[in-house]
Amino acid sequence: MPLPFPSIRELLAGFSEAESGRFHALCIERRFPRDVEVFRQGDPPDGVCIVKKGLVKIVSISEKGAEQILHILRPGDVFGELILIGAPRPFTAVALTDAAVSILPLAKLQDLIATSPAFSRNYLRLLSMRLYELEQVFPALVQAWPHHRLAKELLHLAEDLGDETPMGTRVTLRLTHELLSNLIGSSRETVTLLIHKFEEIGLVRREGRDLFLNRERLAEYLGLEGEKS
């Protein structure tokens, strides 16, 4: 189940084109090849990041080095915004594809908050919404069975990264069983068994390396599972 992340559209709500331009002029653009870290868990917070091109995955790394993918971010998504408290980065951000990221340095962020009431309101609203949504999501995430988490994640990916085709919604990102297991916090073997089950009941369909998702059936499945729990 994905964690909520704000978008640049929400952060700049109510801004004129000129004001938006000034904001972007304060940012530094950096490019990251696939699998290169944008920042690492434990790094000092130095700026707010916005995905400009490509995809970025947010990863939590355990003490033993095991990865848990928390979210896959698209262009326009904002991350690393919890920097005002001065705590080290709580997760690692990695380019899932070749990516471009705009970074608003901490000093520039502090200046904007001090001088722009509209920006301050938007920033506070985003942080409040993030906290509220996390409080809503976390209990459901803890209580959900793996098949429920996988169905919900597939539906989210279909809505977020899907292309509609006659065979169903094809996710533009290659969905390996390892990637899906990291996303839902389960073993790869469990995901393999569940994907086979989902194929049998018509939720997904495989063609070569592509996975096509039936969004309507996935939504119905989640509704039925919700009634049982």
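Which residue just after α7 takes a positive phi? In this predicted model, that residue is Gly202, with a phi of about 85 degrees.

View 1. On the α6 side, the contact is made by His177, Glu178, Leu180, Ser181 and Ile184. Their partners on α7 are Arg188, Val191, Thr192 and Ile195. By type, the residues of this contact divide into four nonpolar, three polar and two charged.

**View 2. Helix α7 has a buried face and a side turned away from it.** α7 has 13 residues and reaches 19 Å from its first C-alpha to its last, close to the 18 Å expected at 1.5 Å a residue. Val191, Leu194, Ile195 and Phe198 are buried. Seen down the axis of α7, the buried residues fall within an arc of 105 degrees, so they line one face of the helix. A handy reminder for reading this view: an α-helix has 3.6 residues a turn, so residues three or four places apart point the same way. The face turned away from the buried side carries the exposed residues Glu189, Leu193 and Glu200.

**View 3. Asn182 is a buried residue of helix α6.** Asn182 has its place in α6. The cut-off for buried is under 20% relative accessible area, so Asn182, at 18%, counts as buried. Leaving aside neighbours within four places in sequence, Asn182 is in contact with Glu67, Gln68 and Ile69.

**View 4. Helix α5 is mostly covered.** Of the 16 residues of α5, 13 are buried. The helix runs over residues 146–161, and its end C-alpha atoms are 21 Å apart, which agrees with the 22 Å it should span at 1.5 Å a residue.

View 5. Leaving aside neighbours within four places in sequence, the contacts of Val56 include Val51, His71, Ile72, Leu73 and Phe79. Also among them are Ala93, Val94, Ala95, Leu96, Ala99 and Val101. To return to the opening residue, the C-alpha atoms of Val56 and Gly202 are separated by 30 Å, and the two residues are 146 residues apart along the chain.

How values were computed:
Residues are numbered from 1 along each chain as its sequence is written. This is a predicted model: local features need pLDDT of at least 70, side-chain atom pairs count only at pLDDT 80 or more; totals for chains, interfaces and linings use all residues. Side-chain values use heavy atoms; hydrogens and water are left out. Contact means heavy atoms within 4.5 Å. Helices (H or I, at least four residues) and strands (E, at least two) are DSSP runs, numbered from the N terminus. Ala, Val, Leu, Ile, Met, Phe, Trp, Tyr, Cys and Pro count as nonpolar, Asp, Glu, Lys and Arg as charged, and the others, Gly among them, as polar. The expected span of a helix is 1.5 Å times one less than its number of residues. Buried means under 20% relative accessible area, exposed over 50%, partly exposed in between (1.4 Å probe, protein chains only). The arc is that of the directions from the helix axis to the C-beta atoms.
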